[in-house]
Amino acid sequence: METKPKLYYFDGRGIMESIRWLLAAAGVEFEEEFLETREQYEKLQKDGRLIFEQVPLVEIDGMSLTQSRAILSYLAAKYNLYGKDLKEKLRIDMYTDGTLDLMLMIIQAVFKSPKEKEESYALAVKRAKTRYFPAFEKILKGHGEDFLVGNQLSWADIQLLEAILMVEELSAPVLSDFPLLQAFKTRISNIPTIKKFLQPGSQRKPPPDGHYVEVVKKVLKW
Amino acid sequence: MAGKPVLHYFDGRGRMEPVRWLLAAAGVEFEEKFLKTRDDLARLRNDGSLMFQQVPMVEIDGMKLVQTKAILNYIASKYNLYGKDMKERAIIDMYAEGVADLELMVLYFPHMPPGEKDAALATIKDKAQNRYFPAYEKVLKSHGQDYLVGNRLSRADVYLVELLYHVEELDPSALANFPLLKALRTRVSNLPTVKKFLQPGSQRKPFDDAECVESAKKIFS
């Protein structure tokens, strides 16, 4: 029997959240170890599990994987969320890379000064409305299917839902000009594994707060 | 017969250089269309060629690809530079992402405001010497093979060798303490396709100079 994947990260969203989403959507149970002290982090380094001294770290199938895109690609392939051929995989890579760029703007903002943080958030909302969401609305309109790629659920759909919810937390009406994305959001949210993940008590993490920022800075000595 | 891939970018390294290296290493001939003015970028945006309104963009196999990582993954898969199975691909991805993190700093360095350059250079040198180069040296030492993963050339080797050349331009003694990295670089540089790419007259771009930086600023402002 396979052991569960184990996630090593802070008790918060950060760059690990996309990995939690993907595992949850795939219906895969996973364990988490939360970094709270510098000592825990140094032990991971000393044990040689962090090739570039960085988390996220996911232990799965006998590997200590770091670098979130490497982890996400592996999980997408393993759990059949990466399309059926090379061209579909390519489209999924393009779409997820775009949504990751958008989410990174928001994820990294929390460590900035209050003024810079607000500017970053405003820019993220603007980019969502003028660059990213129009692109995905166009894709859905183009083929009229329920999912972004190949008429079946893929990593691209899961990632886009995560991004939509993240931007809505900053600006609730952000989908007002995008009817197909609104329908998409409802549809993907109702997939049983994802619906479960969206309920209280799941391993989904809340938006970052001051405490989260403090812990990260302490552990990474920023 | 399929046409050659066409790369759309400004005439400089920027984010496109890793794509040039990988295509060249794979022995794939490609064409380039250089953006010279803001209008060139506007035209590409207006005709719907750029999914997220950004370059790099590569026309290949009837598609217009954007997002550098997606482009590199596709080329690696198509030309068998991506390992033999899922697990090798995960390790290759992990190594490539590490290179990408440092390479991004290096490629962006010429385009930084003058006041920020000293600090950036110090960070690049520190990260290369203390984080990234030791990690890859350790990988090569651990298995004693000629390439990073699976005992054969992959995109991770090509990307790392590109990084080694670029860091050395900024810090001439950067490889002094890393004999296995030096050996990897020599080995990869001697592959016929890479050797050709390293010669003058190839499509490899020189360090982004002041003129190149000005041009990019104009296009992307």
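The model is predicted.

**Annotated regions**

In chain A, residues 3–83 are listed as "domain: GST N-terminal", from an unreviewed entry. In chain B, an unreviewed entry gives the annotation "domain: GST N-terminal" to residues 3–83. The feature "domain: GST C-terminal", also from an unreviewed entry, is placed at residues 85–208 of chain A. The table gives the make-up of each span.

| Span | Helix | Strand | Distance between end C-alpha atoms |
|---|---|---|---|
| Residues 3–83, chain A | 36% helix | 20% strand | 25 Å |
| Residues 3–83, chain B | 36% helix | 22% strand | 26 Å |
| Residues 85–208, chain A | 70% helix | 0% strand | 37 Å |

**The nonpolar core**

The largest nonpolar core holds 161 residues. Phe133(A), Leu148(A) and Phe133(B) have the most contacts inside this core. H4(A) is its main contributor, giving eleven residues. In chain A, both domain 1 (6–79 + 198–211) and domain 2 (86–191) give residues to this core, so it lies between them.

**Cavities**

The largest cavity has a volume of about 150 Å³. Its lining consists of 16 residues. Nearest the centre lie Arg69(A), Ser73(A), Lys69(B), Asn73(B) and Glu97(B). Two helices of chain A each give two or more residues to this lining: H3 (68–78) and H4 (86–109). In chain B, helix H3 (68–78) and helix H4 (86–108) do likewise. The largest share, four residues, comes from H4(A).

Domain 1 (6–79 + 198–211) and domain 2 (86–191) of chain A each provide at least three residues of the lining of the largest cavity.

**The second largest pocket**

The second largest pocket contains about 460 Å³ of space. It is lined by 19 residues. Closest to its centre are Gly48(A), Leu50(A) and Ile51(A) from chain A, with Lys138(B) and Val139(B) from chain B. Strand E4 (63–66) of chain A supplies at least two lining residues, as do H4 and helix H5 (114–143) of chain B. Which element gives the most to this lining? H5(B) does, with seven residues. By class, the pocket lining has nine nonpolar, six polar and four charged residues.

**Backbone details**

Most residues other than glycine have a negative phi, and most peptide bonds are trans. Several sites in this model depart from that pattern.

In chain A, the peptide bond from Val55(A) to Pro56(A) is cis, with omega near 15°. Pro56(A) sits in the loop between helix H2 (38–46) and strand E3 (57–60) of chain A. In chain B, Val55(B) and Pro56(B) are joined by a cis peptide bond, with omega about 10°. Pro56(B) is in the loop between helix H2 (38–46) and strand E3 (57–60) of chain B.

Glu53(A) is not a glycine, yet has a positive phi of about 65°. This residue lies in the loop between H2 and E3 of chain A. Is Glu53(A) buried, exposed or partly exposed? With a relative accessible area of 27%, Glu53(A) is partly exposed.

Asp61(A) also has a positive phi, near 50°. Its place is in the loop between E3 and E4 of chain A. At 22% relative accessibility, Asp61(A) counts as partly exposed.

Leu170(A) is found in helix H6 (residues 155–170). Its relative accessibility is 33%, so Leu170(A) counts as partly exposed. The C-alpha atoms of Leu170(A) and Glu2(A) are separated by 39 Å; the two residues are 168 residues apart along the chain.

His143(A) belongs to helix H5 (residues 114–143) of chain A. This histidine is partly exposed, with a relative accessible area of 27%. Leu104(A) is 39 residues apart from His143(A) along the chain, and their C-alpha atoms are separated by 28 Å.

Key:
Residues numbered from 1 in each chain as written. Chains lettered and ligands numbered in written order. Predicted model: local features only at pLDDT ≥ 70, side-chain atom pairs only at ≥ 80, totals over all residues. Heavy atoms only, no water. 1 Å grid on protein atoms, 1.4 Å probe; cavity = no way out; pocket = protein on both sides within 12 Å on 5 of 7 lines; lining within 4 Å. Points joined across faces, edges and corners; volume = space filled by probe spheres on them. Domains from an automatic or database assignment. UniProt positions renumbered as here; feature names shortened; annotations may be inferred. Nonpolar A, V, L, I, M, F, W, Y, C, P; charged D, E, K, R; others polar. Core = buried A, V, L, I, M, F, W, Y, C linked by side-chain atoms within 4.5 Å. Buried < 20%, exposed > 50% of the residue type's maximum accessible area, 1.4 Å probe, protein only.
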